[in-house]
Amino acid sequence: MDSQIFYTKDSWFPSDESRDATIPVHFSNERQGDLFVTGINQVIECFDRLKGYGAQSTLWSYLPANTETRQDLPGESSSLMPIDPSEVLTKRYLFDLLDAWRCEVEIYDLVSHIGQSSEIINATRIALRLYQLQEILGEESPDNCDMSSDSLRSFRDFLAFHPRVRYPDITLTPSGNIYARWKSDNKSLLSIQFLPERKVRFVSFIPNRKHANELNRISGNDFVDTVMDTLNRAYGVHNWVME
Amino acid sequence: MKGDRLPPSDHIARYCGGSHISEDGSIAPTAFHLRPGEEYVSAQWLEYLRRKDRSSEIREVRRIFNEKLKIGISARIAVLNCGQLCTHVEQASGLNIKVLHEPAADDLSHCGIHDTAQDEDLIAELIAEKILETYLAVEPS
């Protein structure tokens, strides 16, 4: 499903900038589109207070199925984004809006998607923990959106491949990546850091079969759909990571 | 002095933000991962503070952290022994890390755990195994 953001700029923008610009935004479902429009509306309300910087521009959002929403501020025909005339920021500003949307809304949308899964056996608990972590980040670093949506997407895909995985200990790396950990009673450990593009880094501690009280410690890289098979073939991790 | 290795008998305190704390209150290995742009894992050298006991050291460390960071209620302070953590990492992985004095103008007790990037996830797991004590990062009321 595609949507388009269409906006026009006033003539004081540099002449090498196109007067009109269209930025395609792809949503995976209608709800994402609704969330995006909601987010843009919130930004409009926020910057309504800054009206009067000077420049005029209009943000249009075209939704599929003949749905068309025009985002105009009340009382003015085409004021939307207040821009300091000394700075040409419109295009970057729009990308900032998209980034802000991705940061705040997409995270919650992805977590909600996990939580609503009927196949992932610990879906609700996992989603609650992710919401909690996002709240903690908001308290400790309110200016940053630190949970990585790319990592979260990889984690969601991992859970889709392995819906019966036991509930892990979930924390975040300083980069905002999801870090899931499983420990067993015999000191076995599996930790997986979820990276963008379905990649993972893992660490595993496994009791040595022949040398009592000794652990084999390994680390490596893999993918969300193969990491468990890799480790299970070598170390039988399914026995204590899966329900 | 800057670059000096901390004595193996001495201790360091690492600030661990709430997103690095497990649900059971324990400190996750992610607390020992490098933040973007960092060259070493920051910590405070406790013996450098020259306080009479651990409680006083932790009070001072809380004050230092409070000046630099927004402290959440779930954040913790992890105390480790320099010698133990370096020895454990070397014996368990064959990798060498070191704890060096990294004083700053406004933070003379600042130090850093160096060379964790060799195999960060593995080394962080091993460091986390050597946490001796944990404290709330917020001063208890």
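Modeller: The largest pocket has a lining of 23 residues, and A:D169, A:R181, A:W182, A:K183 and A:L189 lie nearest its centre. A pocket here is an open set of points on a 1 Å grid over the protein atoms alone, where a 1.4 Å probe fits, with protein on both sides within 12 Å along at least five of seven lines; lining residues have an atom within 4 Å of a point. This is a predicted model, in which local features need pLDDT of at least 70 and side-chain atom pairs count only at pLDDT 80 or more, while totals for chains, interfaces and linings use all residues. Residues are numbered from 1 along each chain as its sequence is written, chains are lettered from A in the order in which they are written, and side-chain values use heavy atoms, leaving out hydrogens and water.

The space in this pocket comes to about 540 Å³, a volume being the space filled by probe spheres set on the points, which are joined across faces, edges and corners. By type, the lining has 11 charged residues (Asp, Glu, Lys, Arg), 9 nonpolar (Ala, Val, Leu, Ile, Met, Phe, Trp, Tyr, Cys, Pro) and 3 polar (the others, Gly among them). Both chains take part: β6 (178–183) of chain A and α3 (120–128) of chain B each supply at least two lining residues. The largest share, 3 residues, comes from β6(A). Helices (H or I, at least four residues) and strands (E, at least two) are DSSP runs, numbered from the N terminus.

A:K187 is exposed, at 60% relative accessibility; exposed means over 50% relative accessible area, buried under 20% and partly exposed in between (1.4 Å probe, protein chains only).

Neighbours within four places in sequence aside, A:F158 is in contact (heavy atoms within 4.5 Å) with A:V165, A:W182, A:I192, A:F194, A:V224, A:V227 and A:M228. A:F158 and A:I192, together with A:L130 and A:F155, touch the most other members of the largest nonpolar core, which has 37 residues. Such a core is a set of buried Ala, Val, Leu, Ile, Met, Phe, Trp, Tyr and Cys residues joined through side-chain atoms within 4.5 Å.
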